[in-house]
Amino acid sequence: MEKEIDVLSVKDGRKFEVHCRAGAAGELCVGAESVSVKVGQRLRRDRGEEIWHSVGVYAKEEEDGTLVVQVLVFNPDWDEPLQIASIRSRPQDGDCNTVPGCNLDHVTP
């Protein structure tokens, strides 16, 4: 009889997990207490080409134990970034056995 393996179960104390594939540059898979990832893309501006970080993903634990992942978008013409998603979970709360809470309101953080 084969033993079923739950590949998505938490095997240690990490709060977040990151999987990143960057083409020929390689890949990264790590667990972490917090996360900050920016994705840049080449664009043309006044003086030529540059890499502009257009998307940021930030994950942290709040003081009350809530885990929060924020997704922000950036534009060189904007004064502030725009939050396009905020995903919250409360893994320490035994009464909260549901999917993560998700806010898709667009707000400036």
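Lys-15, Glu-33 and Glu-61 are linked in a network of salt bridges, where a salt bridge is a side-chain nitrogen of Lys or Arg within 4 Å of a carboxyl oxygen of Asp or Glu. By this rule the count comes to 8 salt bridges. Please keep in mind that this is a predicted model, in which local features need pLDDT of at least 70 and side-chain atom pairs count only at pLDDT 80 or more, while totals for chains, interfaces and linings use all residues. Residues are numbered from 1 along each chain as its sequence is written, and side-chain values use heavy atoms, with hydrogens and water left out.

**Overall layout**

- Read from the N terminus on, the elements run β-β-β-β-β-β-β.
- Of the 109 residues in the chain, 18% are buried, meaning under 20% relative accessible area, with exposed set at over 50% and partly exposed in between (1.4 Å probe, protein chains only).
- The accessible surface of the chain comes to about 8800 Å², and carbon and sulfur atoms account for 51% of that surface; such areas come from the Shrake-Rupley method with a 1.4 Å probe, and for residues only the protein chains shown count as cover.
- Among contacts between residues at least 6 apart in sequence, 20% join residues at least 24 apart, with contact taken as heavy atoms within 4.5 Å.

**How the strands pair**

- Strand β3 (residues 35–45) pairs with β4 in the antiparallel sense over 11 bridges; two strands pair if DSSP finds at least two bridges between them.
- A hairpin of 2 residues joins β3 to β4, and Val-35 has Ala-59 in β4 as its bridge partner.
- β4 and β5 run antiparallel and are joined by 7 bridges, and one of the bridge pairs is Lys-60 with Val-68 in β5.
- The hairpin formed by β4 and β5 has 5 residues between the strands, and Gly-65 in the turn has a positive phi of about 95 degrees.
- β5 and β6 also run antiparallel, with 7 bridges joining them; Leu-72 has Gln-83 in β6 as its bridge partner.
- β5 is mostly covered, since 5 of its 7 residues are buried.

**The nonpolar core and Leu-67**

- The largest nonpolar core has 6 residues in all: Phe-16, Val-18, Ala-32, Val-35, Ala-59 and Leu-67. Such a core is a set of buried Ala, Val, Leu, Ile, Met, Phe, Trp, Tyr and Cys residues joined through side-chain atoms within 4.5 Å.
- Not counting residues up to four places away in sequence, Leu-67 touches Lys-15, Phe-16, Lys-60, Glu-61, Ile-87, Arg-88, Ser-89 and Pro-91.

**Charged pairs**

- Side chains of opposite charge can pair when their charged atoms come close.
- Glu-17 and Arg-14 form a salt bridge, with the closest N and O atoms 3.0 Å apart. Glu-17 is partly exposed at 42% relative accessible area, and Arg-14 is partly exposed at 26%.
- Glu-50 meets Arg-45 in a salt bridge of 3.7 Å, N to O. Both side chains belong to partly exposed residues, with Glu-50 at 30% and Arg-45 at 32%.
- Arg-90 and Asp-64 meet in a salt bridge of 3.6 Å, N to O. Arg-90 lies in the loop between β6 and β7 (101–103) and Asp-64 in the loop between β4 (48–61) and β5 (67–73), so this pair ties together parts that are 26 residues apart in sequence.
- Arg-90 is partly exposed, with a relative accessible area of 30%, and Asp-64 is partly exposed at 48%.

- Arg-88 is found in strand β6 (residues 82–89) and is partly exposed, with a relative accessible area of 36%.
- The side chains of Arg-88 and Glu-62 are joined by a polar contact of 2.7 Å. A polar contact is a pair of N or O atoms within 3.5 Å; within protein, one must be able to donate a hydrogen and the other to accept it, and residues adjacent in sequence count only if both atoms are side-chain atoms.
- The C-alpha atoms of Arg-88 and Gln-70 are separated by 8.8 Å, and these residues are 18 apart along the chain.
- Gln-83 also has its place in strand β6, where Gln-83 counts as buried at 7% relative accessibility.
- A polar contact of 2.6 Å joins the side chains of Gln-83 and Gln-70.

Technical notes
Helix = DSSP H or I, 4+ residues; strand = E, 2+ residues; numbered from the N terminus.
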